[in-house]
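Here are some notes to read alongside the model.

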Amino acid sequence: MSLSDSVSALYALSPIDGRYAQQSGELNAYFSEYALIRYRVLVEVEYFIALCEFSLPQLPLLSTEQKRLLSQIYQDFSQAEALEIKEIEKTTNHDVKAVEYFLKARFKKLGLEAYEEFIHFGLTSQDINNTATPLLLKEAEQNVLLPFLEQLIQQIEHFANLWANVPMLAYTHGQPASPTRVGKELQVFAYRLRQQLQSLKQVPFAAKFGGATGNFNAHVVAYPALDWQRFAQQFVENNLGLKRALWTTQIENYDHLAARFDAYKRLNTILIDFCRDIWAYISMNYFKQKIKAGEIGSSAMPHKVNPIDFENAEGNLGIANAILEHLAAKLPISRLQRDLTDSTVLRNIGVPLAHGLIAWKSILKGLSKLELHEAKIEQDLENNWAVVAEAIQTILRREGYPKPYEALKELTRTGKRIEKAMIEDFIESLQVETAIKEELKQISPSNYVGL
């Protein structure tokens, strides 16, 4: 980060662009004002090329070189050009119209001024916004969000495999319960995350393309003989790689977008659950954290090594989910053929995704510091022999022993610590065959872990 960037970060209104700018900066290429303008330019240029290929009588068949030069407008789109469009917008007071005027000037430079009125031909601004937005979101997912989620899940899976056979005392209702394995408990989270990631991937990137109220009114009145439905379908799905919503008003219905935000919210909710569990295991000393030279855990207590990465993640995930909740609930609702409330809300879709990315990176950082404290885990297992009561009473049930549950309840539910010797004495007192007693004596908190 340069000195000027550091100074700008100090005055940023949002921590996304300030304190956490380095953690979320790769999303600027997709969700910034510059990015939205660039994607609008992309859609407008590709639309003009598609119109030429659709053989409108007034349009030429573009050469390969002309297509290359047109595509270069958005491929090489610069910050200076984005500022040029913002300057035009000061006059138009309309962001998409400013893009149209910018492109008309570029067409003149390319010798295509005779066809400039076919830029944005028959369209409303939402035909551009509702294709640019899903396109930028799709590419942000493909290039940044999904690869990082995959990396995070893989790291959890790595620890799940590494500690797959380490027995650990389980806790239900915060109380010692039937033992489990460290790896299995981590695998639960990896499994849940993969399930929801798969659901996210199945949600299509829907786009609207159909004129002012979704009916191709302007297109049909100008060229009534052309199959505009087929054109729009091919343009949106083949040229842009999106799924076209067939029945819309002026705006996209946003139902799929709401589903996408709900999917992110579920992923984040699972990760909140994960952060809280890891935090608890650290507080129980089941995990230790690697100490980094120079770091300070507390301004007053020198000994502290706080689980700050998981706490930071939990906080950012909460903010992300609050905004995702609003986006999912608000966007599918619009008065009649459209009101403007979606426009200002859509500009914020990068905010919860940035908070999510910041959180995912915090979790990954926190995981890199974890070390398993097996001695503490073993000690807690040894100190909780009461948890084998379930195993003993189950085998006694198998053998037809009278009221085994009640017998174990009388032994263990006393408020006193149950030790190994007490369990062994109980087994010896049972009126069962010697072979059954030997079987029961083989059970311990460390091996009673199931599958």
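1. Are Phe77 and Phe102 buried or exposed? Both Phe77 and Phe102 are buried, where buried means under 20% relative accessible area, exposed over 50%, and partly exposed in between (1.4 Å probe, protein chains only).

2. A word on what you are looking at. This is a predicted model, in which local features need pLDDT of at least 70 and side-chain atom pairs count only at pLDDT 80 or more, while totals for chains, interfaces and linings use all residues. Residues are numbered from 1 along each chain as its sequence is written, and side-chain values use heavy atoms, with hydrogens and water left out.

3. On confidence, the average pLDDT of the protein is 93, and 96% of the residues score at least 70; pLDDT is the predictor's confidence in each residue, from 0 to 100. Over residues 298–302, however, the pLDDT is below 50. Beyond near neighbours in sequence, that stretch has one contact in the model, a contact being heavy atoms within 4.5 Å.

4. Now the aromatic rings. Rings of Phe, Tyr and Trp (its six-membered ring) pair if their centres lie within 6.5 Å; planes under 30 degrees apart count as stacked, over 60 as edge-to-face and the rest as tilted. By this rule there are 19 aromatic pairs. Phe77 and Phe102 form an edge-to-face pair, because their ring centres are 6.0 Å apart and their planes stand at 90°. This pair links distant parts of the chain, 25 residues apart: Phe77 sits in the loop between helix 5 (64–75) and helix 6 (79–92), and Phe102 in helix 7 (residues 95–109). Helices (H or I, at least four residues) and strands (E, at least two) are DSSP runs, numbered from the N terminus.

5. Trp228 and Phe231 are also edge-to-face, with ring centres 5.5 Å apart and planes at 80°. They are three residues apart in helix 11 (residues 228–239), so about one helical turn separates them. Trp228 is buried at 3% relative accessibility, and Phe231 is buried at 3% as well.

6. Helix 8 (residues 125–162) deserves a look. Its 38 residues reach 53 Å from first C-alpha to last, close to the 56 Å expected at 1.5 Å a residue; the expected span is 1.5 Å times one less than the number of residues. A kink of about 50° is centred on Glu141, the bend at a residue being the angle between axes fitted to the seven residues ending there and the seven starting there. Because 27 of its 38 residues are buried, helix 8 is largely enclosed by the rest of the structure.

7. In helix 13 (residues 308–330), Ile308 is partly exposed at 44% relative accessibility. Asn321, also in helix 13, is buried at 10%. Leaving aside neighbours within four places in sequence, Asn321 is in contact with Tyr264, Lys265, Asn268, Thr269 and Ile272.

8. Where does Asn93 lie? Asn93 is in the loop between helix 6 and helix 7, is exposed at 70% relative accessible area, and has a positive phi of about 55° although it is not a glycine. Most residues other than glycine have a negative phi.

9. For your cysteine check, the structure holds zero disulfides (a disulfide is a pair of cysteine sulfur atoms within 2.5 Å). Cys52 is buried at 2% relative accessibility, and Cys275 is buried at 1%.
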